[in-house]
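Dear colleague,

I am passing on the structure we spoke about, and below it you will find my notes on what came out of it. Please read them with the model open beside you.

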Amino acid sequence: MSDAIRYERVGDIAVLTAQNPPVNALGLDVRRGLLAGFERAETEGAKAVLIYGDGRTYFAGADIREFGKPMQAPSFADLCTRIEASPLIVVSALHGTALGGGLEVALSSHYRIAVPSAKMGLPEVHLGILPGAGGTQRLPRVAGVGMALDMITTGRPIGAAKALENGIIDRVVEGEPREIGLAYTQELLEAGAPRRAVCDLPAPKGVDFDAMHVALLKKGRGQLSPATALRAVQAACEADSFEAGLRRERELFMELMNSDQRLGMIHAFFSERAVSKLPELKGVAPRVLAEMGVIGGGTMGAGIATAALLSGLKVTMLEMTDAAAAAAQGRIEGNLKGAVKRGKISADQFTALTTQALTLATDYSALAQVDLVVEAVFEDMSVKKTVFTQLDAVCKPGAILASNTSYLDINEIAACTSRPEDVIGLHFFSPAHVMKLLEVVVADKTAIDVVATGFALGKMLGKISVRSGVCDGFIGNRILAAYRACADHMILDGASPYQIDAAMTAFGFAMGPFAVADLAGLDIGWAARKRLAPTRDARERVPSFPDKLCEDGHFGQKTGKGYYVYEAGKRGGTPNPDVPGLIDANRAELGLTPRVFTDAEITRRYMCAMVNEAAKVVGEGIARRPLDVDMTLLFGYGFPRYHGGPLKWADIVGLDDILADINTYAKGDDFFWQPAPLLQQLVADGRCFDDLNKEAS
Ligand code: 3H9
């Protein structure tokens, strides 16, 4: 018997208990233990087998760390077939999260009982694969095609009540999984209940899969797994036999298992968890965090305040005038009403948050007792310095003074206070109560427990927190500036904003860079360009067409016009007919003759610019690890998860090819295309970015 499965007899029942913390992943030991348990139970003459998990959950799925290595026997699918074929009555008792292979083991059991809080799902599509142990064959037989497709193609788990309603489980009972499982199994034995194998149920018929396949491909923006999973469910309905369906599932599973998208998505899964685990924070206690101040109640400040309120913090919102404070209150209440609408909070909680947890103020003295203040005022160094000087004067000792600046030097801000060790950057992304990314910007003198508190706040707020050093734009906006500059250069040379947006959405981004700029507000980039103008190198190619749009008062969506024209009541925009003229004028001014760009060249140049700057960001220590860059782009910039992040993408396509392309592009512009020393070093050493991630973990 393996240690991962404990075997015991309770009367006629053989009890198999999974003991593989933290999530009872179905690794080799667990699979071997289950197989051995069935053999022993059958040999010993038990009448039933009960399977449940120790600790916080039933099996949460296959052990993802085993993916990409040869599967050792028993294979997952064989194990499920073996469980289902057992002559004994097999019962699974579910609690926690029965996910992926976990739910597949449960579906191979003959009866299923769950505690009310249990969740069930087949989230494999989020790992770039599909359920590969019969899930696509058994779930439609049990729950019908509609329900099965919904669970399999979205990967969203459902609760016990819904699972019961859809026949996925047989009973829901409050209690410990072991106790409810034993009682149910005993009851089944006493009632003489029969073995009940899902593979014997008839397959659903008469579904038009082709139309759904097309819709899924479109919705997935290039993600293959949902549409491929649909084909496996189709096989459940159309194959000649259950076994033939299983064979088709296996073929499709292996197709995805061998895909780059699987590599990207599994990188994202582990990086998402590793990103906030910093070795230097081990054992460092964060400071107490109960009351927070926010300065500036615009969209950003109101979003930050909303996120803080929703996480249980008390918030004091400081604005300059009563009218501005009232407007801030309106924005926060609007955000919270949205949370009520989505069922995140109740109407009573809304009232409590807005009347008890939120305080509006117009005087800095209101911030005297808060534990942390986040400043979200106008992006201007002198304004920020005035704010921080006042905070330094009123805040209690030990209070953390944070700036939400997107670009400015936190060291310079910290230096205007008497307590630079308490100053940190907390860069939220708009809307701050929705966007998952938080850049925790660590300045030269920031105390380690202040860094720990930044990460603790991120966790409370449900954010993905990434550590960044100080530089213009930190990790994300610095890299954005580089790939956006590359896009502008391609426009000067002949591409159009609309072709670039289309190429990048085809790559998998939700929006292209020009649609994003319209959404964020063109005035933001305009202000940054004006700020950087005095320090610009004369060799830098700087287009004038983006400034012209702003000079004409077009700031994107908020003014109704930017690269696109936005009509009230319509989703998205249509190309602004004035833009080509502005671009032509800019080209003429510079004496440039436009040339044709293919979509493939656009994508390649754009991605090379992103990877090159990202490699500089890692090489300079602004990001500690390549995965920090990957998670920043994934959670703050709409980078497609199935590519894993820019540096994982680079590893997959090959660093030597990318460096060779950068060197080729440099022949046309050797100022912009200066290869990152880290990229050159990795290529010379025959290593990749992921090697650096592994060394750092
Ligand atoms: C599958 O089953 C394929 C099948 O069809 C069979 C095909 C043949 N494996 O998330 P947490 C680790 S595919 C290995 O922080 P939570 C995780 O990395 C699988 N490790 O906890 C972390 O490690 P560390 C389908 C795993 O409470 C630790 O456990 N199943 C696995 O916030 C704690 O995790 C899934 O996709 C795993 N399967 O959330 C479920 N799962 O502490 C994936 C977790 O070193 N898992 N770890 O950072 C989850 O969604 C969440 O982990 C879960 C718990 C909801 C279970």
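Apart from its neighbours within four places in sequence, V91 is in contact (C-beta atoms, placed from the backbone, within 7 Å) with A48, L50, S109, H110, Y111, I113, G181, Y184, T185 and L188. Please bear in mind that this is a predicted model, in which local features need pLDDT of at least 70 and side-chain atom pairs count only at pLDDT 80 or more, while totals for chains, interfaces and linings use all residues. Residues are numbered from 1 along each chain as its sequence is written.

V91 is also among the residues with the most contacts inside the largest nonpolar core, together with V49, L50, I304, V373 and I424, and this core has 211 residues. The largest share of the core, 11 residues, is supplied by helix α24 (residues 599-619). Such a core is a set of buried Ala, Val, Leu, Ile, Met, Phe, Trp, Tyr and Cys residues joined through C-beta atoms within 7 Å, where buried means that 20 or more other C-beta atoms lie within 10 Å of the residue's own.

As for the domains, whose bounds come from an automatic or database domain assignment, the chain is divided into domain 1 (5-258), domain 2 (289-468) and domain 3 (476-696). The C-alpha centres of domain 1 and domain 3 are 44 Å apart, and 4 residues of domain 1 are in contact with 4 residues of domain 3.

With best wishes

Technical notes
A residue is buried if 20 or more other C-beta atoms lie within 10 Å of its own, exposed if 12 or fewer, and partly exposed in between; C-beta atoms are placed from the backbone. Helices (H or I, at least four residues) and strands (E, at least two) are DSSP runs, numbered from the N terminus. Two residues are in contact if their C-beta atoms, placed from the backbone, lie within 7 Å.
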